[in-house]
Amino acid sequence: MRVLRHSHSLLRSEQFGAFVRDATKKGWTALTEVIGDRLSSALSTDQTFRQLKPREASPYDPVERVASEIFIFPDGFAICELVRRRTRTGALGGILSGGTAGDGGHAINVSVLAQSIDTCDRLLCEIANQFSELGGTLFPMTYDHADRPFIKKARGEFINFVRGLKETAEFEEPEFDDPDREFAVLMANPPLRDFAHRFAQLRQMNDAQFTSEISSLQAETDLAAFLLSNAFIAREVVIECKAQNQRLGTFGGNISDLNQLKIRCSICGKHYKDERVYSAYALTERFKRLVNSSLWMNILVTHHLLELGIPKEFIVWNVRFGADEIDLIAWVDGLPWIFELKDAEFSYNHAHAFNHRRLLIKPRVSMIVSTKSVSADAKSVFTASQQRGLGSLEALDLEPLPIMIEGASRLAEQLRAALQAESASNVLWHLQRGMDGLDNFVAQIVGAKFLRFE
């Protein structure tokens, strides 16, 4: 279940002042009741809980909830809150009372939880437009779901976060096509990955070796045809001097093409077509780009994130800030997840560097994906950090231990489990915040509705 949020700041005006003064009585209730009626195709009266308990500001949360409402839809639910932000006093750090200079202004906050980001955006547009239509000059803006306005807004917040890591921060947008994706999925298979690495070292295989290697692999697809048709490998003709056993050159194409050549060997004087000639398979730049830099791992993680409902707009690759680099950052429900990808063993030195980057970024979730394993020494770095506390790590509000995935073939399963756990946590947090003061029976009703979404 995904989350999108929208906060509409309200201008200080005489009209709004009257609205706020009446908000805890008939004003806010009347407004939300009419909205509920207008959304009757998606709502029924017994699925709407009105007039949730107001919540006062505290030293830890300076937002005071004046009034709130929960709407339950067939495909998601929304928490709408009229809030007032209190500013903190300078030395004491307390919350100023209402009507003082500490009033930070009012806003309407809407948090929508649904199975997909697109559904969240659609529901946000419907709710925001009803506020606009009923509120007149209070809420003058309208939203068109076709433009995905709230997804674009969340994307802007994500990019601002990434660029805020350092003034010189750079990153790459995920760019790949279907053959790249299929190649990355194939690379998750250890025997196929070992073959690819052997090929990368040799750079070329003759027909006999290539056929022998390919025939020993178990793949659901015709691997040779897939690699050739999508330009991951190419056919070449290799020419060697019979007299000196020296390579004279390579040509793209087939052996029959040489019959038209009138070139002679500079060593023995024979025509090329009379020298030792054989066919081979060679790597292309496309293959090298994906394998040599382990770009296929970025593609594989992105592929699984997309399948699990994280939009491409919320994923960036190879984030460089100063001397540090993160292979992939995803923006999941408004919070960063970071991924360290290793087409090798994740070692002790890697662990120290990764801990440093975690401290800089403060992610909600951090993941290590290794095609081989995370070494015992590396794991000891994280467990030692957990035992010591590392005050700065405690400030991250997450467990010091990252999620460690050993073997690319397990990536999809463990990534799904992590996202499901985060989704459940998000829903519970919003229910706890939005339904503060309601009894446990009502919470169970909404919780049961959430379970049907899953």
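Is Cys 120 buried or exposed, and at what relative accessibility? In this predicted model, Cys 120 has a relative accessibility of 0% and therefore counts as buried, since the cut-off for a buried residue is under 20% relative accessible area. Cys 80, likewise at 0% relative accessibility, is to be counted as buried too. As for disulfides, the structure holds zero of them.

The secondary structure consists of 15 helices and 15 strands. When contacts between residues at least 6 apart in sequence are considered, 67% of them join residues that are at least 24 apart.

One pair of helices can be followed in detail. Two packed helices are described by the angle between their axes and by the distance between those axes. Helix α5, which covers residues 178-187, and helix α10, which covers residues 295-307, have axes that come within 8 Å and cross at roughly 100 degrees. Because angles of 65 to 115 degrees count as roughly perpendicular, α5 and α10 are described as roughly perpendicular to each other.

The side of this contact that belongs to α5 is made by Asp 180, Arg 181, Ala 184, Val 185 and Met 187, which meet Trp 296, Ile 299, Leu 300 and His 303 in α10.

Key. Residues numbered from 1 in each chain as written. Predicted model: local features only at pLDDT ≥ 70, side-chain atom pairs only at ≥ 80, totals over all residues. Heavy atoms only, no water. Axes fitted to C-alpha atoms, helices over the stretch in contact; angles between N-to-C directions. Helix = DSSP H or I, 4+ residues; strand = E, 2+ residues; numbered from the N terminus. Parallel < 35°, antiparallel > 145°, perpendicular 65-115°, else oblique. Contact = heavy atoms within 4.5 Å. Disulfide = S-S within 2.5 Å. Buried < 20%, exposed > 50% of the residue type's maximum accessible area, 1.4 Å probe, protein only.
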